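Hi there,

Here is the structure I promised to pass on. Please open it alongside this email, and my notes follow below.

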Amino acid sequence: LRFIEDFTLMELVLLLNAHKKLEYERIDNIQLLLTSICSRRPEWTGRVVALTANSVAYFYVYEPRFWKLVNGALPKVAFSMNPLELSNLVSALGRVDRREPRTLLLLAKLCARGAQRNLFSQETLAT
């Protein structure tokens with residue numbers, strides 16, 4: 001991680017997700033990756049938001065700046081998110097007990113729309 005600025009945004013997100021999958025709880029690495037991801041907020045996509053939120057929530061990281069950036073970015077990227085990404089984001093928000101009404105309302109509307117169109121498979125709903 002010494003050359004963290006050389007990584008692309010998706011590589012940083014995948015590194016953070018690898019920490020989660022390996023249950024590697026080096027909080028200094030997690031904070032470094034999260035800070036770098038936050039600094040690249042204009043590049044965020046729905047997938048980046050969902051994977052990062054899921055990984056951060058797994059370690060119970062209550063980084064107010066990150067969650068505030070997620071709330072701000074969500075109206076721009078939420079409509080490009082697929083059902084699995086929406087499920088992961090809802091799960092992450094629940095895990096760290098985030099209750100921003102506007103964010104939850106947006107996610108509820110998108111999930112309801114997806115459910116009406118039968119876009120949620122059983123695998124997606126089980127996550």
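Arg98 has a relative accessible area of 23%, so it counts as partly exposed (buried is under 20%, exposed is over 50%, and partly exposed lies in between, with a 1.4 Å probe and protein chains only). Arg98 also forms a salt bridge with Glu100, where the closest N and O atoms are 2.8 Å apart. A salt bridge here is a side-chain nitrogen of Lys or Arg within 4 Å of a carboxyl oxygen of Asp or Glu.

Before going on, a word on the source: this is a predicted model, in which local features need pLDDT of at least 70 and side-chain atom pairs count only at pLDDT 80 or more, while totals for chains, interfaces and linings use all residues. Residues are numbered from 1 along each chain as its sequence is written, and side-chain values use heavy atoms, with hydrogens and water left out.

**Salt bridges**

The whole structure has four salt bridges. One of them joins Arg47 to Glu85, with 2.9 Å between the closest N and O atoms. This pair links distant parts of the chain, since Arg47 is in helix 3 and Glu85 is in helix 5, 38 residues apart.

Another salt bridge brings together the side chains of Arg26 and Asp28, at 2.7 Å from N to O. Arg26 is partly exposed, with a relative accessible area of 38%, and Asp28 is partly exposed too, at 41%.

**The nonpolar core**

Which residues touch the most other members of the largest nonpolar core? They are Trp44, Phe66, Trp67, Leu74 and Leu89, out of 36 residues in that core. The elements that give two or more residues to this core are helix 1 (9-21), helix 2, helix 3 (46-58), helix 4 (64-77), helix 5 (83-95) and helix 6 (101-116). Helix 4 supplies the largest share, seven residues. By nonpolar core I mean a set of buried Ala, Val, Leu, Ile, Met, Phe, Trp, Tyr and Cys residues joined through side-chain atoms within 4.5 Å. In soluble globular proteins, nonpolar side chains tend to be buried together.

Leaving out residues up to four places away in sequence, Leu89 touches Val49, Ala53, Val70, Leu74, Met81 and Leu107, where contact means heavy atoms within 4.5 Å.

Leu34 belongs to helix 2 (residues 27-39) and is buried, with a relative accessible area of 1%. Beyond its neighbours within four places in sequence, Leu34 is in contact with Thr52, Val56, Val61, Glu63 and Phe66.

His19, in helix 1, is buried at 9% relative accessible area. Not counting residues up to four places away in sequence, His19 touches Tyr24, Asn29, Ile30, Leu33 and Phe59.

**Helix 5 against helix 6**

Helix 5 and helix 6 pack at an angle of about 145°, and their axes are 11 Å apart. (The axes are lines fitted to C-alpha atoms, for helices over the stretch in contact, and angles run from 0 to 180 degrees between N-to-C directions.) From helix 5, Leu86, Leu89, Val90 and Leu93 meet Thr103, Leu104, Leu107, Leu110 and Cys111 of helix 6. The residues of this contact divide into eight nonpolar, one polar and no charged. In that count, Ala, Val, Leu, Ile, Met, Phe, Trp, Tyr, Cys and Pro are nonpolar, Asp, Glu, Lys and Arg are charged, and the others, Gly among them, are polar.

Most residues other than glycine have a negative phi. Glu23, though not a glycine, has a positive phi of about 55°. Glu23 lies in the loop between helix 1 and helix 2 and is exposed, at 55% relative accessible area. Asp97 is not a glycine either, and has a positive phi of about 60°. Asp97 lies in the loop between helix 5 and helix 6 and is partly exposed at 47%.

Lastly, Pro75 is in helix 4 and is partly exposed, at 46% relative accessibility. The C-alpha atoms of Pro75 and Leu106 are separated by 7.6 Å, although the two residues are 31 apart along the chain.

Best wishes

How values were computed: Helices (H or I, at least four residues) and strands (E, at least two) are DSSP runs, numbered from the N terminus.
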